[in-house]
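Reader: I've got the sequence and the model open side by side. Mind if we go through it with a few questions?

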Amino acid sequence: MEKLILTAAICGAEVTKEKNPAVPYTIEEIAREARAAYNAGASIIHLHVREDDGTPTQSLPRFIKAIAAIKKECPGIIIQPSTGGAVGMSNAERLTPIQLVPEMATLDCGTINFGGSEIFTNSEETVIEFAQIMQASHVKPEIEVFDRGMVQLAVRIKQMGFIDGSLHFNLVLGTPFGMPASLEDIVYLTGCLPNGSTFTGTGIGRHEFSVACASIILGGHVRVGFEDNVYLKKGVLARSNGELVEKVVRLANELGRDIARPDEARTILGLKSY
Ligand code: KMH
Ligand code: ZN
């Protein structure tokens with residue numbers, strides 16, 4: 001089987017130090033967490049940035065500083081900024097990091113309820129606009145899927161000609177009102193992906209490691225990190241993103257998947273020619 005690409009979503013936009021004191025806000029903390037994840041085996045950092053007090057931001061200077069700090073600590077790593085940002089941000093804010101022409105960025109392919117009054121809004125028009133802007137800059141989209149219908153929108157945008165190359169999905173499973181994270185759901189959803197696609201599995205909260213195992217077995221890739229889960233196991237907070245990545249490396253070893261380093265990840269994802 002293909003080598004396993006590990007993505008670390010080290011920071012997120014919404015998770016706070018009250019949930020886990022190791023959640024990074026400052027540039028130094030972000031660099032520290034990226035290094036821990038990289039040393040443990042992560043090839044991709046999925047990046048949100050925060051103000052020093054934890055407020056989510058899509059500020060260009062903040063991304064510039066965070067990316068420079070991560071590159072210094074993690075030679076060769078792939079940095080994948082978020083264009084999801086935080087709930088309620090404008091499209092213009094969310095798109096800021098594309099100005100830096102990263103190798104990859106997220107492309108959220110639909111609207112989802114996050115609970116209470118929180119709605120993460122991505123109309124068809126918005127997704128098309130984001131895809132076109134990424135295409136113009138040769139930024140490979142990682143297609144974020146929170147539910148089955150979002151695969152359909154990605155396929156439609158590909159058919160419209162706004163995504164180049166093969167599709168790479170991140171299947172985010174176990175959000176309160178999105179696709180559940182049962183094995184049946186994972187198998188069903190991966191079966192819905194177009195031939196030739198690659199995928200990463202992300203399990204939210206207590207689903208992080210069961211989704212990781214399923215992705216490893218199904219030939220997919222894995223994302224872990226504080227954005228999605230702050231626990232190493234039930235009742236035990238992870239001391240760093242590195243501990244979460246290390247756990248997936250142990251599972252992958254047991255299940256017979258070797259870990260991809262960044263250049264191997266670039267080849268698997270077709271980033272070199274993108
Ligand atoms: N923070 C969420 C509203 C992404 O990074 O593209 C969106 C999110 C997805 O995290
Ligand atoms: Zn994110």
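Reader: In which sense do strand 2 and strand 5 pair, and over how many bridges?

Author: Keep in mind that this is a predicted model. Strand 5 covers residues 78–81, and in it P81 is the bridge partner of L47. As for the pairing of strand 2 with strand 5, the sense is parallel and the count is four bridges.

Reader: And strand 1, what is the handedness of the crossover from there to strand 2?

Author: Strand 1 (residues 6–9) runs parallel to strand 2, with three bridges joining them. One pairing to look for is T7, whose bridge partner in strand 2 is I44. Between the two strands the chain passes through helix 1 (residues 27–40), and this β-α-β crossover is right-handed.

Reader: What about the faces of strand 2, covered or open?

Author: Take the two sides in turn. On one side sit I44 and H46, and on the other I45 and L47. These residues of strand 2 are all buried, so by the cut-off of under 20% relative accessible area both faces count as covered.

Reader: How much of ligand 1 does the protein bury?

Author: Start with the surroundings, which include E14, H46, D108 and F114. Oxygen atoms of ligand 1 lie 2.7 Å from a side-chain N or O atom of S82, 2.9 Å from one of E227 and 3.1 Å from one of H48. Taken alone, ligand 1 exposes 300 Å², and the share of that buried by the protein is 95%.

Reader: Why does A252 count as buried?

Author: A252 lies in helix 8 (residues 241–255). Leaving aside residues up to four places away in sequence, A252 touches L4, I216, R257 and I259. Buried means under 20% relative accessible area, and A252 counts as buried because its relative accessibility is 0%.

Reader: How far is A252 from S215 in space, C-alpha to C-alpha?

Author: In sequence, A252 and S215 are 37 residues apart. In space, their C-alpha atoms are separated by 10.0 Å.

Reader: V101 has a positive phi; where is V101, and what is its relative accessibility?

Author: The phi of V101 is about 45°, although V101 is not a glycine. Look in the loop between helix 3 (91–95) and strand 6 (104–108). V101 counts as partly exposed because its relative accessibility is 48%.

Reader: H138 isn't a glycine either, so what is its phi?

Author: H138 is in the loop between helix 4 (124–136) and strand 9 (140–145). With a relative accessible area of 49%, H138 is partly exposed. The phi of H138 is positive, at about 55°.

Terms used
Residues numbered from 1 in each chain as written. Chains lettered and ligands numbered in written order. Predicted model: local features only at pLDDT ≥ 70, side-chain atom pairs only at ≥ 80, totals over all residues. Heavy atoms only, no water. Buried < 20%, exposed > 50% of the residue type's maximum accessible area, 1.4 Å probe, protein only. Pairing = 2+ DSSP bridges. Right-handed = clockwise from strand over helix to strand, strands pointing away. Near = heavy atom within 4 Å. Polar contact = N/O pair within 3.5 Å; in protein donor to acceptor, adjacent residues only side chain to side chain. Areas by Shrake-Rupley, 256 points an atom, 1.4 Å probe, with all protein chains shown as cover. Contact = heavy atoms within 4.5 Å.
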